[in-house]
Amino acid sequence: MAGPILLHLLVVLIWQLVADYGGLPTYILPSPTETLATLFEPRNRWIENTGITALEIFGGFLLAVGIGVTIALLFSWSRLTLVLFMPLLVSLNMIPKVALGPLIIVWFGYGVVTNMAIAFAICFFPIVITTARGLSEIEPEMLYLARTVNASKWQIFLKIQFPGALPYIFSGMKVSAVLAVAGAIVGEFIGSEKGLGYLMLQVQINLDTATMFMAVLMITLIGVVLYGAVALLEWLLVKRGGAA
Amino acid sequence: MTKPFIHVSNLRKVFNPGKANEYLALSDVSLDIEEGELISIVGPSGCGKSTLLMIVAGLLEASGGTLEIGGGAGAFDPHRHVGMVFQQALLLKWRTVLDNVLLPAEFLRLPRREARERARDLLNLVGLEGQETKYPKQLSGGQQQRVAIARSLVHDPRLVLMDEPFGALDALTREKMNLELLRIWEQSGKTILFVTHGISEAVLLGSRIAVMTAGPARLARKIDVDLPYPRRLDMKTHENFGAYTREVYGLLGME
């Protein structure tokens, strides 16, 4: 545990040394201390901007989990829906979601909802795919066994299918957690009046690189919190007790 | 004469009838089984032995012939009175050993406390006392199959169907499990249909052997195995054992 932490600190230290003695101007490479100092600049409105961006990321992500898992459930309950809609979903997934950004702005206008929608669009598909996959991973013999003891479809789902799919759902959620961050920031770049991506564009005009660095760090932090929450939930539900 | 526990006569199963891929999986099988009997069903792959088991379990409809289960002692409900064991243990890896054994009881909504007590007794019966709180991955293949056997008995079924339950185990573990199964059978008094393609396993376990052949899938002969119980591994060196084994090989055209 100590080793990786030390290595992280070492990287920060090297960053500080290169910035101080590397002869690079601050607008190219601000030092860690200069970066942290921007936190105390009230014009940056860190709390508001970070809150907005976090809301977009978490909102888009949760929406994708809710709708993604539900659609995967429908697929697992009806072979017809799967056969009909899965190819369509695969085709839709080939559209680069980022390219939809300007369109989504036309539909929803600037703001939180738009960026949430972009985050949703980009992280929805991995969740559907992994969940559908997980729900279909049930041995036919297990179904026979369940049927000989009069198990209902709902009981089979609750006691066998869904718990069995959880590790898959979580691996999809981990991929999506990272994507959601990218989606929300792209949305803010394309058009917004708030958020960390917006802040970056604002300070870029003045070559305030330190603030841009700090914004990137805050965005990363939001991603880490989301990923950590997913990993914690996974540990609580799947990995604890030596199950997986 | 009273009716047998299981009465199978002229049973037939055709998959995809009338279509291009029509397939005769079972042709004209007749077999009577008494309650409490351990009968081995042996044959090569594709002889329809698993299909027969599925029909008896009520998981497949026969295409023709009759199947009557229950005999004299009350109505037989295929959704209540059948236990199954497959080649894979099929344990749920997120459940403890005890909770895995309890799964059929949960599906059938049996009273919780009695079921737990019974599951514990069964784990003792299969030689897994003290392992209740372990997870499947902490068990060996043989132990996992013991859990599967305990699970097949937890709802006190009248009939236990086993489809090559020891087929995935190594040879030594398999022989050990054969003896264990004999002991469990004697102590539980269940009727067991044991499907295998292991000929010496079939002879060692069964009071009778139903020998099935492929192409077309049918029942070639029923053999009474006149070896005394409790059976032991050293009976495999007995000349009668050899005679039965040879007879089965002969019926399968493998002399």
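**View 1. The interface between chain B and chain A.** In this predicted model, chain B and chain A bury about 2,200 Å² between them, and carbon and sulfur atoms account for 67% of that area. Leu59(B), Trp94(B) and Phe107(B) supply 31% of the area that chain B buries against chain A, which is more than any other three residues give. Counted by residues, the contact brings together 25 residues of chain B and 21 residues of chain A.

**View 2. Polar and charged pairs between chain B and chain A.** The count between the two chains is one salt bridge, and the side chains of Glu106(B) and Lys159(A) meet in a salt bridge with an N to O distance of 2.8 Å. Residue pairs in polar contact between chain B and chain A number three, with both residues of each pair at pLDDT 80 or more. On the side of chain B that touches chain A, the elements giving two or more residues are strand E5 (82-85) and helix H2 (97-107) of chain B. The largest share of that side comes from H2(B), with four residues. By residue class, the side of chain B that touches chain A divides into 15 nonpolar, three polar and seven charged residues.

**View 3. The two domains of chain A and the contact between them.** Chain A is divided into domain 1, residues 1-30, and domain 2, residues 34-242, and the C-alpha centres of these two domains of chain A lie 31 Å apart. Six residues from domain 1 of chain A and six residues from domain 2 of chain A take part in the contact. The area buried between domain 1 and domain 2 of chain A is about 550 Å², and carbon and sulfur atoms give 71% of it. Trp15(A), Tyr27(A) and Pro30(A) supply 77% of the area that domain 1 of chain A buries against domain 2 of chain A, more than any other three residues. Across this interface of domain 1 and domain 2 of chain A, the rule finds zero salt bridges and one residue pair in polar contact, with both residues at pLDDT 80 or more. The residues on the side of domain 1 of chain A that touches domain 2 of chain A are five nonpolar and one polar, with no charged residue.

View 4. Ile41(B) lies in strand E3 of chain B, which covers residues 38-42. With a relative accessible area of 0%, Ile41(B) is buried, because it falls under the 20% cut-off for that class. Leaving aside neighbours within four places in sequence, Ile41(B) is in contact with Lys49(B), Leu52(B), Leu193(B), Phe194(B), Val195(B), Thr196(B), Ala210(B) and Met212(B). The C-alpha atoms of Ile41(B) and Leu53(B), which stand twelve residues apart along the chain, are separated by 9.4 Å.

View 5. Once neighbours within four places in sequence are left aside, His81(B) is in contact with Ala75(B), Phe76(B), Pro157(B), Arg158(B) and Leu159(B).

Technical notes
Residues numbered from 1 in each chain as written. Chains lettered and ligands numbered in written order. Predicted model: local features only at pLDDT ≥ 70, side-chain atom pairs only at ≥ 80, totals over all residues. Heavy atoms only, no water. Domains from an automatic or database assignment. Contact = heavy atoms within 4.5 Å. Buried area = accessible area lost by both parts, 1.4 Å probe. Salt bridge = Lys/Arg side-chain N within 4 Å of Asp/Glu carboxyl O. Polar contact = N/O pair within 3.5 Å; in protein donor to acceptor, adjacent residues only side chain to side chain. Nonpolar A, V, L, I, M, F, W, Y, C, P; charged D, E, K, R; others polar. Buried < 20%, exposed > 50% of the residue type's maximum accessible area, 1.4 Å probe, protein only.
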